[in-house]
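Colleague: I have a model open and would like to go through some of its local details. May I put a few questions to you?

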Amino acid sequence: MSTKITIDKKSYDLTINPETPLLWALRDHLNLTGTKFGCGVGQCGACTVLVDGVATRSCITPINTINNKKITTIATNSDKTVQKLQKFWVQEDVVQCGYCQSGQIMNASGLLKANSKPSDDEIISAMNGNICRCGTYNKIKTAIKAATVEV
């Protein structure tokens with residue numbers, strides 16, 4: 001089965017098992033390794049990408065459910081929300097080990113696309129499913145709040 005997807009504004013036509021998770025289509029079939037594997041069951045958020053602007057766990061999303069949808073990954077160079085979040089991630093010195101950060105930024109991007117001025121409680125609620133084993137949650141919240149000024 002062929003699946004047409006657009007990733008970071010570039011079109012791809014993949015012929016792979018339709019049950020293949022999006023994460024493995026990105027990493028193994030397209031060599032787009034910015035999106036990370038975490039838990040593999042959609043619980044940690046390390047694999048988060050945007051599907052038509054909505055934060056989605058790519059490790060549990062079969063490729064056959066995203067035919068003709070637009071995927072945005074951490075590697076995008078055209079999504080202004082992701083770029084602004086990356087800027088404030090650096091400014092706030094959020095990253096420690098960095099492994100979860102691509103998923104954190106993509107989830108935050110999904111939040112800001114739905115709500116450009118979230119309250120602290122809305123940020124905490126939206127980011128609740130993204131796990132950071134380094135515990136950078138306060139810096140993540142500060143970076144998201146800073147990004148709301150420019151988004």
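Colleague: In the hairpin of β1 and β2, which residue takes a positive phi?
Modeller: Please keep in mind that this is a predicted model. The residue is Asp-8, with a phi near 50 degrees, and the hairpin has two residues between its strands.

Colleague: How many bridges join β1 to β2, and do the strands run parallel or antiparallel?
Modeller: Six bridges join them, and the strands run antiparallel. Strand β1 covers residues 2–7, and strand β2 covers residues 10–15.

Colleague: Which residue of β2 stands opposite Thr-6?
Modeller: That is Ser-11.

Colleague: Where does Asp-52 lie?
Modeller: Asp-52 is in the loop between β3, residues 48–51, and β4, residues 54–57. Its phi is positive, about 50 degrees, although Asp-52 is not a glycine.

Colleague: Is Asp-52 buried, partly exposed or exposed?
Modeller: Asp-52 has a relative accessibility of 48%, so it counts as partly exposed. The cut-off for exposed is over 50%.

Colleague: And what is the phi of Asn-68?
Modeller: The phi of Asn-68 is near 65 degrees, again a positive value in a residue other than glycine. Asn-68 lies in the loop between β4 and β5, the latter being residues 70–72.

Colleague: Why does Asn-68 count as exposed?
Modeller: Asn-68 counts as exposed because its relative accessible area is 60%, and the cut-off is over 50%.

Colleague: Changing topic: how many salt bridges are there?
Modeller: The count comes to three. One of them joins Asp-13 to Lys-4, with the closest N and O atoms 3.7 Å apart.

Colleague: How accessible are Asp-13 and Lys-4?
Modeller: Asp-13 is partly exposed, at a relative accessible area of 46%. Lys-4 is also partly exposed, at 47%.

Colleague: With which residue does Asp-79 form a salt bridge?
Modeller: Asp-79 pairs with Lys-113, and the closest N and O atoms are 2.9 Å apart. This pair links distant parts of the chain, 34 residues apart: Asp-79 sits in the loop between β5 and α2 (80–91), while Lys-113 belongs to helix α3, residues 101–114.

Colleague: Is Asp-79 buried or exposed?
Modeller: Asp-79 has 12% relative accessibility and therefore counts as buried, since buried means under 20%.

Colleague: Which residue meets Lys-145 in a salt bridge?
Modeller: The side chain of Asp-120 does so, at 3.6 Å from N to O. Here too the pair links distant parts of the chain, with 25 residues separating Lys-145 in helix α5 (residues 137–150) from Asp-120 in helix α4 (residues 120–127).

Colleague: What is the relative accessibility of Lys-145 and of Asp-120?
Modeller: Lys-145 has 33% and counts as partly exposed. Asp-120 has a relative accessible area of 33% and is partly exposed.

Colleague: Which residues is Gln-101 in contact with, leaving aside its neighbours within four places in sequence?
Modeller: Gln-101 is in contact with Trp-89, Val-94, Val-95, Cys-132, Thr-136 and Ile-140.

Terms used: Residues are numbered from 1 along each chain as its sequence is written. This is a predicted model: local features need pLDDT of at least 70, side-chain atom pairs count only at pLDDT 80 or more; totals for chains, interfaces and linings use all residues. Side-chain values use heavy atoms; hydrogens and water are left out. Helices (H or I, at least four residues) and strands (E, at least two) are DSSP runs, numbered from the N terminus. Buried means under 20% relative accessible area, exposed over 50%, partly exposed in between (1.4 Å probe, protein chains only). Two strands pair if DSSP finds at least two bridges between them. A salt bridge is a side-chain nitrogen of Lys or Arg within 4 Å of a carboxyl oxygen of Asp or Glu. Contact means heavy atoms within 4.5 Å.
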